Amino acid sequence: MNFIKFHKKDIYISIISLLILISIALFIEHPWPRDFLVSIFSFGLLAMSLNMLIGFAGMVSFGHAAFFALGAYAFGLLLQNENFVMYFGQFSIPIAFVLSVLITGLYSAIIGIICVRLNDIYFAFLTLAFQMFLYSVIVSWVSLTGGDQGLMGGIPRPPFLGIDLSDSIHRYIFCSIIFVLCIFILRILNKSNFGYTLRLIRDNSERAEFIGIRVLRVKLICFVIASMMASVGGIIMALFTSGAYPEWAFWTQSGEAIFMIMLGGVSIFIGPLVGTILLRSINDIVQIYSSHSDLVIGIIIMIVVLGLRKGLVEYFLEKISFKKK
Amino acid sequence: MLNIKNINKSFGGVVATNNVSLSFEEGSLSSIIGPNGAGKTTLFNLITGKIKPDSGEILLAGENITNLSPREIVLKGIGRAFQIANIFPTLTVKEALMASLASRLGISEKLFKPFYSKDLQNKSEELLDTLEMNDISDDLCSNISHGDQKVLDIGLALSLEPKVLMLDEPTAGMGPEERWQMVSTIERLWKLKNVTLIFIEHDMDIVFKISQKINVLRYGSLIASGNSSEIKKNKEVIDAYLGEDFESI
Amino acid sequence: MIDVDALLNCFGVASCAVNQLTSGLIIGMLLFLVASGLTLIFGVLNVINFAHGTFYMLGAYFAFSTYLLTESYLLSALIGALGAGFFGILFERFLISKVYGQDILMQLLVCYAFILITDDLVKIIWGSEYLSMGVPDEFRLPPFRVFGGFVPPLYAFLIILSLVIGVITIFLISKTRFGSIVRAAAENAKMVSALGIRVPLYFALLFGLGCALAGIAGALGAPVRSLTPGMGFGILIESFIVTVIGGMGSIPGALIAALILGITRSIGSVGFPLFVDGMMFVIMALVLIFKPTGLFVKGSSK
Ligand SMILES: Nc1ncnc2c1ncn2[C@@H]1O[C@H](COP(=O)(O)OP(=O)(O)OP(=O)(O)O)[C@@H](O)[C@H]1O
Ligand SMILES: [Mg+2]
């Protein structure tokens with residue numbers, strides 16, 4: 001009860017956001033807002049979970065999209081397996097969901113044990129290297145993953161508890177709920193003892209050790225949780241596209257996620273989500289006007305990083321508070 | 001309480017600690033002095049497990065703690081503040097103490113337990129009272145004055161309720177007035193908490209005023225150990241501090 | 001998973017073994033050049049150049065175009081190296097040096113953006129199809145016979161030249177005035193600039209040198225590899241693995257580690273073709289677990 005009282009505000013915000021998201025599906029028939037929002041749910045979770053590493057704990061990972069992709073592939077492969085669907089019947093989707101998250105957690109624990117001991121430069125590069133390892137496995141293991149082409153043939157989505165995920169409205173509402181729930185969990189983690197321990201480590205890991213914190217263990221736990229959250233993002237994308245694609249495991253996906261965080265600002269809890277919306281919108285607009293979107297996005301990144309030296313959101317917040325004074 | 005036996009440590013060719021043996025009585029207030037580079041901080045690092053000795057033993061209340069990790073040593077009851085205030089820039093003073101208290105209570109890894117609990121808040125307010133830092137409790141650690149940062153560093157160590165409290169140059173970088181304020185804070189905390197307190201200090205006035213026992217290091221070796229009057233008369237110490245007139249202090 | 005028969009068949013026959021070893025050496029030596037640039041930049045500037053592979057790509061494309069114009073392989077290699085070095089200096093001066101000492105997040109983003117931009121520019125200038133330079137005229141000679149195997153002269157030349165370049169680099173860093181200034185500045189930049197030496201200039205030159213090493217590897221390898229935008233990224237990861245195994249900052253370590261990887265790759269292509277990449281990562285992970293500083297470096301990566 002204490003818990004509810006303590007998080008009252010966050011619970012209200014979550015419920016209201018969820019209601020708004022659902023009403024979008026009920027009142028707007030055109031699929032575009034739903035499609036756009038589902039991609040925000042998915043990549044938003046990637047960015048928000050990455051910010052748990054970068055913003056909360058100061059662990060700059062350059063390979064976070066690996067876990068996003070692993071979640072998607074695990075989910076897709078499980079459901080494409082006829083025996084699996086036969087065995088679990090109408091519970092296939094929830095069970096595949098949970099299993100995929102757990103598989104990702106296990107994999108990230110193995111990677112994490114190797115990586116969390118290293119200093120920040122090594123950590124960034126190593127997470128990147130392991131991401132490219134996963135990418136090369138996905139691309140070369142054609143018989144299982146479909147290689148370059150991605151997971152083909154669609155992902156079966158047997159209905160469960162009256163929810164039919166092949167229906168676009170059902171799917172959208174399901175994804176909204178999962179998304180809001182995950183963001184809520186991240187919020188609780190951020191305000192919990194664990195969240196503050198992460199801040200200690202980010203600020204000064206040596207001192208943290210000297211007040212009795214098990215630094216490596218805490219970092220590892222954080223790494224695993226963040227990876228599992230990213231895998232949920234991947235699962236949402238797999239549900240949405242009814243497939244999984246090697247690009248999700250490619251390094252540029254991680255680079256993009258880092259830029260989303262920077263755009264929105266690492267210091268604001270919801271910042272990465274704002275960053276996701278900004279970058280997705282920029283991407284969509286650039287793709288309409290230019291066939292060289294990488295070039296344009298690259299230039300935009302340079303301008304933001306070298307020109308503003310902080311996220312757009314932080315930049316404008318500072319401008320506003322400056323004017324008020 | 002704390003016994004150091006024949007500790008040695010060298011870095012490459014530099015002998016930073018040369019066969020040092022020392023003991024600190026329970027509840028005593030001792031100081032370690034010596035010229036720059038004498039190996040004082042190194043000795044602290046050895047005791048607190050930040051670096052491992054090449055040989056020798058460290059005993060805390062009879063228990064061998066030589067090869068434990070910094071964290072294990074902290075939990076055994078040796079708290080430490082650093083030569084350069086070692087704090088958490090983006091947390092507020094109160095949050096830093098609360099987080100440290102959470103660690104003491106063994107709840108720092110609780111994933112879903114709200115950090116701003118009544119219990120932690122009350123405990124941290126008590127500690128803020130003890131440290132006389134109530135008025136700056138909501139300031140960011142990076143924004144408070146240098147002196148306050150040093151006090152907070154001590155507070156972080158104290159929050160773990162240590163048996164032995166080790167302070168590395170608590171008055172470093174302070175003006176005269178601030179210095180003596182710090183000295184009275186140290187004395188007050190020592191009496192209040194009943195800890196065994198060891199501090200490193202360059203200011204001889206302070207050293208002679210408050211230490212019950214003074215240990216002098218030079219080139220990594222312990223050259224003298226005793227109370228103020230003994231140290232003031234010691235020939236080797238006078239040599240080490242050539243030019244300083246001890247008798248007059 | 002491992003095809004023992006194929007391995008035995010190949011390594012039982014001298015000619016096949018020689019062929020595999022030569023190709024392993026080529027892979028290894030080119031990788032060594034790229035990795036030595038990466039490790040050099042890290043050793044001195046304490047920056048990991050995440051855009052290092054880009055300079056490998058630029059070297060290859062510059063060499064390709066020069067070869068089309070001049071039909072001289074050696075000139076192409078030289079232009080490849082110089083071009084990559086030049087762009088390396090520009091990159092250092094105008095982009096990456098702006099974020100020295102800042103959050104690693106900023107460095108990552110600058111490199112990420114730089115890779116996006118250059119890959120796209122290469123696509124615009126040279127197209128996105130695979131390009132191939134082919135064996136240059138100078139080296140259309142009958143192969144040497146070694147133990148019943150054939151070693152094309154180009155391969156022998158590449159291996160020897162890479163080794164020579166490596167030795168020159170070590171000499172440059174450890175024995176020349178340039179090297180001692182750079183090393184001193186790495187230790188204490190303030191002190192060295194107080195002596196009236198323009199430290200930023202030296203840092204830029206060193207960065208350029210590192211990039212030129214990547215560039216010449218791309219250029220030299222152009223006849224034996226195909227060119228494509230984005231080709232730099234794979235080699236970046238491999239040269240990172242090399243520096244982890246050999247130890248960050250150690251050029252001799254990079255040589256040995258690169259050879260280990262090269263040979264692993266060529267043996268792997270016979271014995272465990274699907275697991276070649278995996279094997280590299282396994283080796284790296286083992287090194288990280290048992291000797292995180294790398295096999296040939298003392299000190300700490302923590
Ligand atoms: N990690 C290390 N690596 C190499 N040498 C070290 C290391 N730590 C200390 N030293 C050397 O050991 C010697 C003792 O250093 P230490 O910091 O203990 O001196 P100190 O007595 O605390 O001096 P100060 O009064 O300046 O703080 C010095 O010569 C120092 O250079
Ligand atoms: Mg010291």
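Let's start with one residue: in which helix of chain A is the place of A:Ser92? Helix α6, which covers residues 92–115. Keep in mind that this is a predicted model.

Is A:Ser92 buried or exposed? Its relative accessible area is 0%, and buried means under 20%, so A:Ser92 is buried. A polar atom of its side chain lies 2.5 Å from the backbone oxygen of A:Gly89. Leaving aside residues up to four places away in sequence, A:Ser92 touches A:Leu79, A:Phe84, A:Val85 and A:Pro158.

Next, the magnesium ion, ligand 2. Its protein donors are OG1 of B:Thr41 and OE1 of B:Gln83, at 1.9 to 2.2 Å. B:Thr41 lies in helix α1 of chain B, and B:Gln83 in the loop between β6 and α3, so the pair ties together parts that are 42 residues apart in sequence. B:Thr41 is partly exposed, at 24% relative accessible area. B:Gln83 is also partly exposed, at 32%.

Last, the contact between the chains. Chain B gives 34 residues to it and chain A gives 30. Together they bury about 2,900 Å², with 62% of that on carbon and sulfur atoms. Of the area that chain B buries against chain A, 24% comes from B:Arg71, B:Phe88 and B:Glu109, more than from any other three residues.

How many salt bridges are there between chain B and chain A? Four. One of them joins the side chains of B:Lys50 and A:Glu206, at 2.8 Å from N to O. By class, the side of chain B that touches chain A has 20 nonpolar, six polar and eight charged residues.

Conventions
Residues are numbered from 1 along each chain as its sequence is written. Chains are lettered from A and ligands numbered from 1 in the order in which they are written. This is a predicted model: local features need pLDDT of at least 70, side-chain atom pairs count only at pLDDT 80 or more; totals for chains, interfaces and linings use all residues. Side-chain values use heavy atoms; hydrogens and water are left out. Donors are N, O and S atoms within 2.8 Å of the metal (3.2 Å for Na, K and Ca); water is not among the atoms, so sites may look incomplete. Helices (H or I, at least four residues) and strands (E, at least two) are DSSP runs, numbered from the N terminus. Buried means under 20% relative accessible area, exposed over 50%, partly exposed in between (1.4 Å probe, protein chains only). A polar contact is a pair of N or O atoms within 3.5 Å; within protein, one must be able to donate a hydrogen and the other to accept it, and residues adjacent in sequence count only if both atoms are side-chain atoms. Contact means heavy atoms within 4.5 Å. Buried area is the accessible area (1.4 Å probe) that two parts lose on being put together, summed over both. Ala, Val, Leu, Ile, Met, Phe, Trp, Tyr, Cys and Pro count as nonpolar, Asp, Glu, Lys and Arg as charged, and the others, Gly among them, as polar.
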